[in-house]
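Please look over the structure shown here before reading the notes that follow, which are arranged by topic.

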Amino acid sequence: MPRHSKNNTASSVFTYHETKSLDYGTKKQRIGRDSFREYNACFLCLQTARDPVACPEGHLACRECMYESILQQKQNIKREQRLMEQKVRDLENLKARETEEAKQALLDDFEKTQTSMLGRRAPRAAATTTTSTSTTENSINSSPSSAQKNGTESGSGNTTPSAGTKRKFELTEDAVKEAADKELDKASKRLAEEKARASAPKLSSFWLPSLTPEAEKQLKDEIKPISTQTMCLATKTPHPVSLKSLIEVKFQQEEGNKSKCQCPACLKTLNNSVKFSVMRNCGHVICNTCVDMFVKKSKRCYVCEKKTKSKDIVDMSAEGTGFASGSSMAMATKWDVAFQ
């Protein structure tokens with residue numbers, strides 16, 4: 001098959017210029033040395049760290065940059081807390097307004113029943129009372145023996161109450177409050193259903209304020225609390241950091257070249273391909289080979305002879321060498337507008 005045939009879509013037979021000019025297919029490119037920051041560079045400003053400090057996970061940064069990052073996070077946390085408090089107050093005001101509307105609805109219903117229905121029933125009630133009194137008089141006149149019999153029974157034994165006595169009905173404060181709460185809940189549900197029915201025939205619209213659909217109401221208990229912990233943002237998964245947990249890093253510079261650093265034990269020049277660690281207690285930087293040979297065995301820092309346990313050794317390895325990536329953050333992605 002010829003190299004420039006019509007149906008040839010294999011990228012391996014195209015030249016470099018032809019592959020770059022294509023608008024489809026997978027684009028691969030080696031990540032260059034410039035894509036990785038230096039071993040002694042700040043992960044915030046990407047420059048050589050000035051007065052370097054490290055987080056508990058070993059991420060290097062300038063002291064000024066780290067302080068500024070922590071201060072900015074604290075300001076954002078305070079702003080979010082104020083917004084959350086305002087949201088809680090709005091929910092409380094909305095709940096109080098709905099409660100007032102429910103109470104007003106109950107009062108309106110009570111006034112309607114007292115003014116309209118009972119007023120019409122007044123003459124009927126009077127007629128019924130007259131008929132009931134006449135029937136009771138007839139019954140009393142017709143059966144005097146039964147009344148005497150009941151009197152003798154009530155006089156002989158006090159266990160069975162007489163027909164004329166009334167039982168006392170008492171309500172506690174809790175029962176009254178519970179009944180009132182139930183009535184308020186019923187009234188509020190009825191008002192919500194009426195509002196829903198009133199807005200049902202209207203079509204939802206996102207450009208008219210009066211017809212804009214509303215989201216479901218959020219309760220006060222559903223608001224999640226805001227975390228007040230400041231985080232180190234050097235990786236995809238942030239971890240906690242504070243001013244007290246910062247480690248003051250002490251690099252040893254070479255005698256002839258102040259721009260390069262070296263291991264104080266083996267005097268090896270540090271770079272991205274060298275694995276090194278920092279001592280949490282004293283802040284001295286030593287390569288991992290010397291750490292395994294001297295520090296872990298003697299449990300003391302090689303420079304200052306300060307006690308150093310295994311948990312006090314924090315790895316500060318660089319991202320990569322330029323030929324192989326050592327970090328999950330080093331990933332090149334291309335973004336483009338869809339359907340263009």
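Is R280 buried, partly exposed or exposed? R280 counts as partly exposed, at 33% relative accessibility. This model is predicted, and its protein chain of 340 residues has 22% of them buried.

**Overall architecture**

- The secondary structure of the protein chain amounts to 5 helices and 10 strands.
- The protein chain exposes about 26500 Å², of which carbon and sulfur atoms supply 54%.

**Salt bridges**

- A search of the whole structure finds 6 salt bridges, and one of them joins D109 to R190, with the closest N and O atoms 3.0 Å apart.
- That pair links distant parts of the chain, since D109 belongs to helix α2 and R190 to helix α4 (residues 173–199), 81 residues apart.
- D109 is partly exposed at a relative accessible area of 33%, and R190 likewise counts as partly exposed, at 30% relative accessibility.
- The side chains of D312 and R280 also meet in a salt bridge, at 4.0 Å from N to O; because D312 lies in the loop between α5 and β10 while R280 lies in the loop between β8 (276–279) and β9 (285–287), the pair ties together parts that are 32 residues apart in sequence.
- Within this second pair, D312 is buried, with a relative accessible area of 10%, whereas R280 is partly exposed.
- K182 forms a salt bridge with E178, the closest N and O atoms being 3.8 Å apart, and both residues lie in helix α4, 4 residues apart, or about one turn of the helix.
- K182 is partly exposed at 48% relative accessibility, as is E178, whose relative accessible area is 46%.

**Buried helix positions**

- V291 lies in helix α5 and counts as buried, at 2% relative accessibility.
- Leaving aside residues up to four places away in sequence, V291 touches M279, I286, K296 and I313, while the C-alpha atoms of V291 and A265, 26 residues apart along the chain, are separated by 9.1 Å.
- Q73, placed in helix α2 (residues 63–142), counts as buried at 14% relative accessibility, and with residues up to four places away in sequence again left out, Q73 touches T230, M231 and L233.

**Surface charge**

- A patch of positive charge on the surface gathers K299, R300, K307, K309 and K311.

Technical notes. Residues are numbered from 1 along each chain as its sequence is written. This is a predicted model: local features need pLDDT of at least 70, side-chain atom pairs count only at pLDDT 80 or more; totals for chains, interfaces and linings use all residues. Side-chain values use heavy atoms; hydrogens and water are left out. Patches are made of residues with over 30% relative accessible area and no salt bridge: like charges are joined within 9 Å, nonpolar side chains (Val, Leu, Ile, Met, Phe, Trp, Tyr) within 5 Å. Accessible areas come from the Shrake-Rupley method with a 1.4 Å probe; for residues, only the protein chains shown count as cover. Lys and Arg count as positive and Asp and Glu as negative; His and the chain ends are not counted. The place of a charge is taken as NZ of Lys, CZ of Arg, CG of Asp or CD of Glu. Helices (H or I, at least four residues) and strands (E, at least two) are DSSP runs, numbered from the N terminus. Buried means under 20% relative accessible area, exposed over 50%, partly exposed in between (1.4 Å probe, protein chains only). Contact means heavy atoms within 4.5 Å.
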